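Visitor: I have a structure open and would like to talk through its ligands and its fold. Could you take me through it?

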Amino acid sequence: MALFRKRERGGEDLVGRLSHIAFIMDGNGRWAKRRGLARSAGHAAGAEACKRVIRRCRELEIHTVTVYAFSTENWSRPREEVEALMGLFDRYLDTLLADLDEYRMRFVFLGDKTPLAPALREKMERLETLSAERHTDYTLNLAINYGGRDELVHAANAAIAAGKTVLTAEDIEKHLYTAASPDPDLLVRTAGEMRLSNFLLWQASYAELWFTDRLWPDMDAADVDEAVRVYLGRTRRFGGLK
Ligand code: IPE
Ligand code: IPE
Ligand code: MG
């Protein structure tokens with residue numbers, strides 16, 4: 001499968017313009033409902049959209065891509081839906097493992113792996129180890145059982161366990177799940193919702209935000225281009241003056 005064969009459309013002006021883009025992949029359920037399908041069909045279509053989006057980000061030479069796949073709050077969904085999602089992650093990871101050298105990305109999982117099924121966990125760890133050995137230039141962060149609050153508590157406790165009694169911002173940053181990534185430049189949320197839902201609470205402090213009505217399973221390369229264009233039209237001040 002030639003995932004990253006060549007750039008399919010123009011957009012040269014969009015290449016290499018930002019370091020990190022993050023996505024809150026929302027609207028899978030609504031996408032399915034509109035088609036009279038089960039929510040799980042929406043999640044399956046969402047997984048395909050995820051591949052399209054990653055591919056376009058790779059073409060645009062965005063070195064870090066982060067996708068929010070399952071939050072610490074998503075466990076409160078009906079059991080069948082949680083099970084369907086976990087099964088989908090498991091199969092998705094198989095495709096990542098099979099296509100490791102097509103992606104040429106390092107895969108990093110953000111979140112607490114401990115409540116996940118041991119087989120899924122092992123697969124995640126294998127992917128992290130294998131991809132880190134081979135591909136360091138580009139990173140895909142997959143947030144599974146991720147919560148921004150959980151991450152901050154985890155980071156604070158890790159810093160304390162390392163002997164710190166008074167914490168600095170650096171102590172926290174070094175223990176975040178995203179420690180290896182720069183802060184996101186742009187955070188995109190689909191499906192018209194305008195909230196963070198516990199995503200990257202620390203890291204998104206100065207991220208540009210873009211919300212689109214597009215449902216996640218409908219996302220394609222043109223939507224990624226639009227997001228990057230919107231970003232390029234923004235003025236970032238970081239509290240200073242322009
Ligand atoms: C996003 O789609 C996927 C996950 C949160 C796992 P949703 O499942 O939240 O879709 P909607 O919001 O119900 O449409
Ligand atoms: C956020 O979407 C979590 C993920 C995309 C994984 P939700 O659909 O769970 O968020 P809320 O409940 O609408 O805030
Ligand atoms: Mg949702």
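Predicted model: local features only at pLDDT ≥ 70, side-chain atom pairs only at ≥ 80, totals over all residues.

Visitor: Let us start with the fold, then. How many helices and strands does the protein chain have?

Guide: The protein chain contains eight helices and six strands. Read from the N terminus, the elements follow the order β-α-α-β-α-α-β-α-β-α-α-β-β-α.

Visitor: And why call it as compact as a globular protein of that length?

Guide: The radius of gyration of the protein chain is 18 Å, and the globule rule gives 18 Å for 242 residues, so the chain is as compact as a globular protein of that length. Along the principal axes, the C-alpha atoms fill a box of roughly 55 × 50 × 35 Å.

Visitor: Now ligand 1. Which residues come nearest to it?

Guide: There are 13 residues around ligand 1, and Met25, Gly29, Arg30, Arg39 and Arg77 come nearest. By class, this shell consists of three nonpolar, five polar and five charged residues.

Visitor: Which helices supply at least two residues each to that shell?

Guide: Those are helix H1 (28-34), helix H2 (39-59) and helix H3 (79-98). H1 gives the most, with three residues.

Visitor: What about polar atoms close to the oxygen atoms of ligand 1, say from Asp26?

Guide: A polar side-chain atom of Asp26 lies 2.9 Å from an oxygen atom of ligand 1. The backbone takes part in this list as well: an N or O atom of Asn28 lies 3.1 Å from a ligand 1 oxygen, and for a backbone N or O atom of Gly27 the distance is 3.4 Å. The protein covers 87% of the 380 Å² of accessible area that ligand 1 has on its own.

Visitor: Where does ligand 1 sit?

Guide: Ligand 1 sits in the largest pocket. The space taken by ligand 2 is likewise the largest pocket.

Visitor: On to ligand 2, then. What surrounds ligand 2?

Guide: The residues around ligand 2 are Ile24, Met25, Asp26, Tyr68, Ala69, Phe70, Ser71, Asn74, Arg77, Arg189, Arg195 and Ser197. They divide into five nonpolar, three polar and four charged residues.

Visitor: Which element supplies the largest share of that shell?

Guide: Strand S2, residues 64-71, supplies the largest share, with four residues.

Visitor: And which side chains have polar atoms close to the oxygen atoms of ligand 2?

Guide: Ser197 has a polar side-chain atom 2.6 Å from an oxygen atom of ligand 2. For Arg195 the corresponding distance is 2.8 Å, and for Asp26 it is 3.2 Å. The protein covers 78% of the 390 Å² of accessible area that ligand 2 has on its own.

Note on methods. Residues numbered from 1 in each chain as written. Chains lettered and ligands numbered in written order. Heavy atoms only, no water. Near = heavy atom within 4 Å. Polar contact = N/O pair within 3.5 Å; in protein donor to acceptor, adjacent residues only side chain to side chain. Areas by Shrake-Rupley, 256 points an atom, 1.4 Å probe, with all protein chains shown as cover. 1 Å grid on protein atoms, 1.4 Å probe; cavity = no way out; pocket = protein on both sides within 12 Å on 5 of 7 lines; lining within 4 Å. Sits in = over half its atoms within 2 Å of the grid points. Nonpolar A, V, L, I, M, F, W, Y, C, P; charged D, E, K, R; others polar. Rg over C-alpha atoms; globule rule 2.2 N^0.38 Å.
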